[in-house]
Amino acid sequence: MRIAAALFAIFPQICAADVSFARYVDPTDAYGHGALAGGEYAALEVGLTDGRSLRLSYPKAVFEDTEPRLADLDADGEMEIITVVSTFDQGARIQVFDLEESVIRPIASTAPIGTRHRWLSIAGIADFDGNGLVEVAFVDRPHLAKVLRFVEFDHQAELWTVTSKAALEGHTNHRIGESAISGGLRSCDGTPEVITANANWSRVLATRRYETRDIGPYDGPQSLVSALDCED
Ligand SMILES: [Ca+2]
Ligand SMILES: [Ca+2]
């Protein structure tokens, strides 16, 4: 027992490797959507704090996103990995993974949009309504439906639940064919807000606690950058 305890003290990472980084790898045209330029990947790579790296891929789906996002959704001190997975026949969904004994494990997801070549773009991750649980904000079909959705992730007794908290029409954060997602998360006064453009890219919108307000004209990409910098 003493030896085991001593080894754990010296090499805690052997017993508790955590997520160090995550990235999408292996760009692919297998899905052939092309909405997000350069944004379709065959695999997710997760680096561990002990130096190892793991990979995960799907036979009939791709990662369709700019980058995986790390956030501790259940406040247990370990990062979850938030991704966008697009299946060839059902389109995009938010897919969350964690590490379980150094295996990338899918733990929670939204329902897929339901149609091939229909996408969603993540806008921000925070506790947007202050109830202690984290929501992921995303634009559902930023070129078509343009709905800003908030979904809450809750982890209780080994069970993850995903709950829709709000659906607000008239938002977008991506133009078809661009490689980046525009707007995002800001917190100018301690309350998280999502910055988006309105549906026809003429106004900048700020949404806090599921209420949207118009904060000025959209005069090009700099308008959203300035808003993220709390300059409105
Ligand atoms: Ca966690
Ligand atoms: Ca919340």
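Predicted model: local features only at pLDDT ≥ 70, side-chain atom pairs only at ≥ 80, totals over all residues.
## A helix, its cover and the strands around it

Let's start with helix α3, residues 221-228, where Ser223, Leu224 and Ala227 are buried. These three cover an arc of only 95° around the axis, so they sit on the same side of α3. The arc here is that of the directions from the helix axis to the C-beta atoms.

Residues are numbered from 1 along each chain as its sequence is written, and chains are lettered from A and ligands numbered from 1 in the order in which they are written.

A few words on terms. A residue is buried if 20 or more other C-beta atoms lie within 10 Å of its own, exposed if 12 or fewer, and partly exposed in between, with C-beta atoms placed from the backbone. Helices (H or I, at least four residues) and strands (E, at least two) are DSSP runs, numbered from the N terminus. Two residues are in contact if their C-beta atoms, placed from the backbone, lie within 7 Å.

So what covers the buried residues of α3? The cover includes the strands β14 (184-186), β15 (193-198), β16 (203-208) and β17 (211-217).

**The whole protein**

Zooming out, the protein has 3 helices and 17 strands. Its C-alpha atoms fill a box of roughly 65 × 45 × 30 Å, taken along the principal axes. With 232 residues, a compact globule would have a radius of gyration near 17 Å, and the 19 Å of this protein agrees with that. That radius is taken over C-alpha atoms, and the globule rule is 2.2 Å times the number of residues to the power 0.38. Of the 232 residues, 34% count as buried. Among contacts between residues at least 6 apart in sequence, 46% join residues at least 24 apart.

**The core**

Which residues have the most contacts inside the largest nonpolar core? They are Ile81, Val96, Val136, Ala137 and Phe138, in a core of 47 residues. A nonpolar core means a set of buried Ala, Val, Leu, Ile, Met, Phe, Trp, Tyr and Cys residues joined through C-beta atoms within 7 Å. Leaving out residues up to four places away in sequence, Ala137 touches Ala123, Gly124, Phe128, Leu148, Phe150 and Val194.

Strand β6 (residues 80-87) is mostly covered, with 7 of its 8 residues buried. Two strands count as paired if DSSP finds at least two bridges between them.

| Pair | Bridges | Direction |
|---|---|---|
| β4 (residues 61-64) and β6 | 3 bridges | antiparallel |
| β5 (residues 69-71) and β6 | 3 bridges | antiparallel |
| β6 and β7 | 7 bridges | antiparallel |

Here are some individual partners. Phe63 stands opposite Val85 in β6, and Arg69 has Ile82 in β6 as its bridge partner. Ile82 in turn has the bridge partner Val96 in β7. A hairpin through 3 residues joins β6 to β7.

β9 is joined to β10 (residues 134-140) by 6 bridges, and Ala126 has Glu135 in β10 as its bridge partner.

**Loops**

Most residues other than glycine have a negative phi. Glu101 is not a glycine, yet its phi is positive, near 50°. Glu101 lies in the loop between β7 (91-100) and β8 (103-109). Glu101 counts as exposed because it has 6 C-beta neighbours inside 10 Å.

Glu158 also has a positive phi, about 70°, without being a glycine. The loop between β11 (147-156) and β12 holds Glu158. Is Glu158 buried or exposed? It is exposed, with 6 other C-beta atoms within 10 Å.

Finally, Asp189 sits in the loop between β14 and β15, and it counts as exposed with 8 C-beta neighbours inside 10 Å. The C-alpha atoms of Asp189 and Gly177 are separated by 34 Å, and these residues are 12 residues apart along the chain.
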